[in-house]
Amino acid sequence: MNFHKYNTSNLVVLFFLISSVVSAQDLKIQVGQSVDNSTTKTKAGSITATFPRDTIPNSESIQGFIEVGLNFPDNTIKSYSVSVFAEKHRNNLINKEQDVTQFGGQIMFHLWENSEFFLLKNYKVKFLGTAKYSNDRIAKTDGGQYLLHFNLASKGVGGNFGDALLNIENFYPRDEYKNYENNPDIENPDSSKRFTSDYIQFSSSHTFGVEYMSNEDLVLGNMVYSLNIYPLSGLIYRVFKQYRMLQFSFGIDHRFQINSKNTELFVGNLLTASAGVNFLINEKKGYQLGLKYAYQEGGNPLKGLADQTFSQLTLTAKFVLDK
């Protein structure tokens, strides 16, 4: 309880500090799956619910967060940001139920933006530092979680094969039709001409991290990789004016124990796969709605997800508001 009060006070102070400088900076509001790392932040949050009229209780699956923060630009580059967030992960549609509420603060910053050493000529290192309070109603435990994650991010616009292998915001092959539409000096391609992106595009993301759970005195290492494949992307664009409408995703979230503390929590792999359709409400601002069929195998100790295998059909939503 003391821990809870201490963290609540700190978050209130952080919120007012953010509010006091918001007029001079860039306000950010974001909704997604989880704030933990760059991979989960780019994924859409999801919700499924049933409300039967008989004596069977209501059931729901909620996986998502809402974040409010500030981007601090360095000239024209948003080099770091601070934010506060609330996060909910609840699922009583599965065998081993999940019910976790979290809130906290996060800072993002880039390193070696001007370095010319090896990979850092074209990529910078993006860090996410997170401190949050987590309450697991199923396990009846609460405590702090302190996370440090990093990944490589492109210094430029991106769009080549290497960028797409590293960063989910870059796609390969590029959006050929948009390139013509956005440049009036280039003649539009013949309607019979085909590009590789007509048939397939892909993007991916990666994250490395160290995570500490105070209630378990547990230190974990974390490695995440996710691959997205978009079939018939350009052909669909010809009809609906939207790339990447169909999506197949595959991911692995691997955790391993760093310290020798005994724990009953599952520490291992969380494997995911999904197939679905995305509808971009506003592509530039990142508004997205979707419907997907998802499969999961494994667990996640940070989210109170016990080791199990299940699949479900879910509605998804994602948006980012930048001032």
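The model is predicted, so local features need pLDDT of at least 70 and side-chain atom pairs count only at pLDDT 80 or more, while totals for chains, interfaces and linings use all residues. Residues are numbered from 1 along each chain as its sequence is written, and side-chain values use heavy atoms, with hydrogens and water left out.

A pair of aromatic rings is described by the distance of the centres and the angle of the planes. Rings of Phe, Tyr and Trp (its six-membered ring) pair if their centres lie within 6.5 Å; planes under 30 degrees apart count as stacked, over 60 as edge-to-face and the rest as tilted. The structure holds 10 aromatic pairs. One of them joins Tyr 146 and Tyr 212, which are stacked at 6.4 Å centre to centre with 25° between the planes. Tyr 146 belongs to strand 7 (residues 141–154) and Tyr 212 to strand 8 (residues 200–213), so this pair ties together parts 66 residues apart in sequence. Strands are DSSP runs (E, at least two residues) and helices likewise (H or I, at least four), numbered from the N terminus.

Tyr 146 is partly exposed, its relative accessible area being 33%; the term covers values between buried (under 20%) and exposed (over 50%), with a 1.4 Å probe and protein chains only. Tyr 212 is also partly exposed, at 27%.

The rings of Phe 161 and Tyr 172 have centres 5.7 Å apart and planes at 85°, and the pair is therefore edge-to-face. Phe 161 lies in helix 3 (residues 161–166), whereas Tyr 172 lies in the loop between helix 3 and helix 4 (176–181).

Elsewhere, ring pairs link Phe 109, Phe 127, Phe 150 and Phe 208 into a cluster.
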